[in-house]
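Let me put the model up on the screen and we can walk through it together.

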Amino acid sequence: MNIHEFYINRCIQLAKNGLGNTYPNPFVGCIIVHDDKVIGEGYTSPAGGNHAEVNAIESVSDKSLLKESTLYVSLEPCSHFGKTPPCSDLIIRYGIPRVVIGSTDSNELVSGKGIARLRAAGCEVMTGILENVCDWSHRRFFTFHRKRRPYVILKWAQSQDGFLAPLIREEKKPVWLSSPASRQLVHKWRSEEQAILVGAQTVIDDDPGLTTRDWNGSNPMRVIIDPNARIPLSSKIFHDQVKTIWVVREQEMNQRIANHELSVLKVPGDKDILETIMDLLYQESIQSLIVEGGSKTLQRFSDQNLWDEARIFRSETIIKDGVKAPVIHGELKEEKHYDRDLYQLYLNKNNTPPVI
């Protein structure tokens with residue numbers, strides 16, 4: 001690893017501090033180096049706040065050093081006015097002579113324009129440093145802009161013999177196959193994504209809250225697929241004050257529901273439900289979606305190739321007969337143990353940015 005890669009790798013580490021808090025902006029890391037010494041660091045603030053470059057520049061105590069420094073950033077500096085001014089203009093204003101960039105921005109509002117603006121102002125710009133690693137870090141943002149849909153993560157836990165749950169349950173509550181450590185990790189994952197989706201049968205069987213109650217973080221927006229409006233109005237998803245989209249086939253919904261954050265998406269009979277949901281989430285600027293069940297819903301995403309990652313916990317439990325786990329065709333990229341569970345990460349090679 002050369003010195004530029006070393007500093008870009010530090011940018012990627014910094015960027016992770018913003019994961020789950022910066023949407024719709026990407027989470028970016030930035031450092032400023034003077035005479036081989038880091039004099040400033042920053043990462044993206046929550047939406048509406050400073051970008052990583054601004055925070056890094058503001059952290060430099062002696063601004064006169066900026067004219068002799070190199071700025072490293074995991075994603076191309078923006079060149080347009082949004083809720084904040086362009087970062088490329090700020091870099092130019094402070095006279096920073098060199099900028100080293102990991103990934104080029106895929107947002108059509110930027111997409112090389114920030115680099116061009118810096119070079120036109122006389123700045124020396126180097127691009128493509130640890131590009132694959134940076135692309136992986138920004139995979140949610142890139143998928144959203146390139147494919148015009150959220151980055152989709154499928155998640156489930158299954159028994160050793162390949163089932164999600166028994167066919168017959170004694171009472172209406174979740175069947176826990178994964179360990180407490182794995183379940184806490186899932187709540188952390190929820191805090192990192194913008195939306196969470198389940199099907200009607202999961203709500204009927206488990207009555208889940210779909211919140212991050214076991215982790216300190218924001219609750220994702222909930223999306224519930226219920227074509228025939230079967231979910232009882234007593235379900236938790238209707239009464240927690242979390243933004244929720246109830247997806248039904250086109251029909252009148254006459255019931256009044258307590259959750260003021262609820263909206264109903266009525267899908268015409270001739271429209272595909274998943275494509276309609278993807279279109280809506282794109283319009284709502286939702287960049288990431290975690291799909292947690294049930295089996296038919298997960299399989300539908302797999303069959304329609306609407307997924308990027310699959311995160312699977314394989315338990316030691318044996319059920320013998322039950323609801324079969326989904327089948328996916330992807331590339332196994334990671335395996336590790338959490339307590340008694342084997343965790344596996346699969347990637348959809350047709351959809352997901354490369355990873356080192």
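I'll start with the overall chain, then go through the sheets, the aromatic rings and a couple of single residues.

Quick housekeeping first. This is a predicted model, where local features need pLDDT of at least 70 and side-chain atom pairs count only at pLDDT 80 or more, while totals for chains, interfaces and linings use all residues. Residues are numbered from 1 along each chain as its sequence is written, and side-chain values use heavy atoms, with hydrogens and water left out.

So, the big picture. The protein chain has ten helices and 16 strands; those are DSSP runs numbered from the N terminus, H or I of at least four residues for helices and E of at least two for strands. Its radius of gyration is 23 Å, close to the 21 Å that the globule rule gives for 356 residues, so the chain is as compact as a globular protein of that length. That radius is taken over C-alpha atoms, and the rule is 2.2 Å times the number of residues to the power 0.38. Along the principal axes, the C-alpha trace spans about 70 × 45 × 35 Å.

How much of the chain is buried? Buried residues make up 53% of the 356, where buried means under 20% relative accessible area, exposed is over 50% and partly exposed is in between, using a 1.4 Å probe and protein chains only. As for contacts, meaning heavy atoms within 4.5 Å, take those between residues at least 6 apart in sequence: 68% of them join residues at least 24 apart.

Now the sheets. There's an open sheet of five strands in the order E2-E1-E3-E4-E5, with mixed pairing. Two strands pair here if DSSP finds at least two bridges between them. Strand E2 (37-43) and strand E5 (124-126) are the edge strands, each pairing on one side only. From one strand to the next, the twist averages 20°; axes are lines fitted to C-alpha atoms, for helices over the stretch in contact, and angles run from 0 to 180 degrees between N-to-C directions. Strand E1 (residues 29-34) pairs with E3 in the antiparallel sense over four bridges, and Ile-32 stands opposite Leu-71 in E3. Packed on this sheet is H1, touching E1, E2, E3, strand E4 (98-103) and E5, with its direction at about 140° to that of E1.

Then there's an open sheet of nine strands, ordered E11-E10-E9-E8-E12-E6-E13-E16-E15, again with mixed pairing. Strand E11 (262-267) and strand E15 (331-338) stand at the edges with a single partner strand each, so one side of each has no neighbour in the sheet. E15 pairs with strand E16 (residues 341-347) in the antiparallel sense over seven bridges, and Leu-332 stands opposite Tyr-346 in E16. Helix H9 (residues 273-283) lies across several strands, including strand E9 (221-225), and runs at about 160° to E9. Helix H10 (residues 295-303) also packs on the sheet, touching E6, E8, E9 and E12.

On to the aromatics. A search of the whole structure finds ten aromatic pairs. Rings of Phe, Tyr and Trp (its six-membered ring) pair if their centres lie within 6.5 Å, with planes under 30 degrees apart called stacked, over 60 edge-to-face and the rest tilted. One of the pairs is Phe-6 with Tyr-7, edge-to-face at 5.5 Å centre to centre and 70° between the planes. Tyr-7 also pairs with Tyr-72: their centres are 5.0 Å apart and their planes at 50°, so that pair is tilted. Because Tyr-7 lies in helix H1 (residues 3-15) and Tyr-72 in strand E3 (residues 70-75), the pair ties together parts that are 65 residues apart in sequence.

Is Phe-6 buried, exposed or partly exposed? Phe-6 is partly exposed, at 49% relative accessibility, whereas Tyr-7 is buried at 6%.

Elsewhere, ring pairs link Trp-189, Phe-313, Tyr-338 and Tyr-343 into a cluster. The charged end of Arg-311 sits over the ring of Trp-189, 4.7 Å from its centre; for that, NZ of Lys or CZ of Arg has to be within 6 Å of the ring centre and within 35 degrees of the ring normal.

Last, one residue to look at. Glu-192 lies in helix H7 (residues 180-192) and is buried, at 10% relative accessibility. Leaving aside neighbours within four places in sequence, Glu-192 is in contact with Leu-19, Gly-20, Tyr-23, Arg-140 and Ser-288.
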